[in-house]
Amino acid sequence: MSDDFITVAQVGDIPQGKGKSFEVGDRIIAIFNDGGNYRAIDDMCPHMGASLATGVLSQSEVACPWHGWRFDIRDGTWCDNRSLRTDVFKVRVQGDDIQVTATPVVDAKDQLDANRESENS
Ligand code: FES
């Protein structure tokens, strides 16, 4: 199955260590620049809906700005209970374009593959 990547930003739009949210289809996706690797997760915190893109990023974990729930942006897991996770999206850089898919990846293997692809692109 081919992925439909959508350009949402240009390289340089998201400073290192920061996130930014983008409306993609019917979702809002948070894309983070994690030391030069881009990661994409559902922007809406599953607790009460804060924008995770505005949270504090440290060591590939983002802390929600409202109540501090932390999520691993590499695979979407909730750091306090790793059996739960939020949606993760494939993200890549093509030339100067940062592109993301509107449909989340489905299982853990897909997430790992997506992260590997984004690191190698
Ligand atoms: S809204 Fe994110 S931790 Fe409460």
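Trainee: Which way do strand 4 and strand 10 pair, and over how many bridges?
Mentor: Strand 4 pairs with strand 10 (residues 88-89) in the antiparallel sense, over two bridges, and the bridge partner of I41 in strand 10 is V88. Two strands count as paired if DSSP finds at least two bridges between them, while strands themselves (E, at least two residues) and helices (H or I, at least four) are DSSP runs, numbered from the N terminus. Please keep in mind that this is a predicted model, in which local features need pLDDT of at least 70 and side-chain atom pairs count only at pLDDT 80 or more, whereas totals for chains, interfaces and linings use all residues. Residues are numbered from 1 along each chain as its sequence is written.

Trainee: OK, and what joins strand 3 to strand 4?
Mentor: Six bridges join these two antiparallel strands, and among the facing residues F32 stands opposite R39 in strand 4. Strand 3 and strand 4 form a hairpin with two residues between them, and G35 in the turn has a positive phi of about 60°.

Trainee: What about strand 2 and strand 3, how many bridges there?
Mentor: Strand 2 (residues 19-24) and strand 3 (residues 27-34) are also antiparallel, with six bridges, and F22 stands opposite I29 in strand 3. Their hairpin has two residues between the strands, and G25 takes a positive phi near 60° there.

Trainee: So what order do the strands have in the sheet?
Mentor: The order is 2-3-4-10, in an open sheet of four strands with antiparallel pairing. Strand 2 and strand 10 are the edge strands, since each pairs on one side only. In general, strands of a sheet pair through backbone hydrogen bonds, either parallel or antiparallel.

Trainee: Why is strand 4 described as largely enclosed?
Mentor: Five of the six residues of strand 4 (residues 37-42) are buried, so the strand is largely enclosed by the rest of the structure. A residue is buried if 20 or more other C-beta atoms lie within 10 Å of its own, exposed if 12 or fewer do, and partly exposed in between, with C-beta atoms placed from the backbone.

Trainee: Switching topic, how many helices and strands does the chain have?
Mentor: The chain has one helix and 12 strands, and along the sequence the pattern reads β-β-β-β-β-β-β-β-β-β-β-β-α. Of its 121 residues, 36% count as buried.
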